[in-house]
Amino acid sequence: MNIILLGPPGAGKGTQARHLVETRGMIQLSTGDMLREAKTSGTEMGKKVSAIMDAGKLVTDEIVIGLIEEKLTTEAGAGFIFDGFPRTLAQADALAALLAKLGQSLHTVIEMRVDDDALVNRITGRFTCGNCGEVYHDETKPTKVDSVCDACGGTDMVRRADDNEDSLRTRLMEYYKKTSPLIGYYYAKGDLRPVNGLADIKEVTASIKAILG
């Protein structure tokens, strides 16, 4: 089973992806993680990525697809979660071609829908444990003990520098400009399944479970 998690920054894609990894044994493919991993891998593809990133240039779709193909052909799991890819129609077509080439298919595209104003409130209160990555929120999920991670006991709490309202609204506009066409693309293919991304985390998890079966 291969799925795409689609939604704006802060919609909760990472949280739901981790749950699917833990409960279903799926493998999360995050573009950012793959690029960072490739850069230090020492492989031919990794050297290409490193040279491009060190020069401050954007990595091409062709290289990203190459990295995804490496993962699809070398890692075994109960399916793959595409997180942060595709972002454009060209990337969606490239992914479809790659899956067809490998004799695989896309099971579903889960669109995590959000209200922008509510999302801004969610994001500006978000912080994570710098040690284990557990996500918290000032209002909806504070740590039980102030500044101490519930999961690992770490005390290094981190807030993203761009988790402020102006920066977030800029990121949202960029997302809608580039990625919104994908919603129509996958709807036309019959692959799109929307969920309320602003519901309680457990409710979102249940909605996704119902979609995937």
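**Close-up 1. Salt bridge between aspartate 163 and arginine 160.** In this predicted model, the closest N and O atoms of aspartate 163 and arginine 160 lie 4.0 Å apart. Aspartate 163 is buried, its relative accessible area being 10%, whereas arginine 160 is partly exposed at 45%. Through salt bridges that share partners, Arg126, Arg160, Asp163 and Arg171 are joined into one network.

**Close-up 2. Salt bridge between glutamate 111 and arginine 113.** The side chains of glutamate 111 and arginine 113 meet with an N to O distance of 2.9 Å. Glutamate 111 has a relative accessible area of 8% and is therefore classed as buried, the cut-off for this class being under 20%. Arginine 113, with a relative accessible area of 44%, is partly exposed.

**Close-up 3. Salt bridge between glutamate 134 and lysine 141.** The pair formed by glutamate 134 and lysine 141 has its closest N and O atoms 2.8 Å apart. Glutamate 134 is partly exposed, with 28% relative accessibility. Lysine 141 also counts as partly exposed, at 30% relative accessibility.

**Context for the close-up views.** Salt bridges in the model, counted with a side-chain nitrogen of Lys or Arg within 4 Å of a carboxyl oxygen of Asp or Glu, come to 16. Among them are the contacts of aspartate 163 with arginine 160, of glutamate 111 with arginine 113, and of glutamate 134 with lysine 141.

Terms used: Residues are numbered from 1 along each chain as its sequence is written. This is a predicted model: local features need pLDDT of at least 70, side-chain atom pairs count only at pLDDT 80 or more; totals for chains, interfaces and linings use all residues. Side-chain values use heavy atoms; hydrogens and water are left out. Buried means under 20% relative accessible area, exposed over 50%, partly exposed in between (1.4 Å probe, protein chains only).
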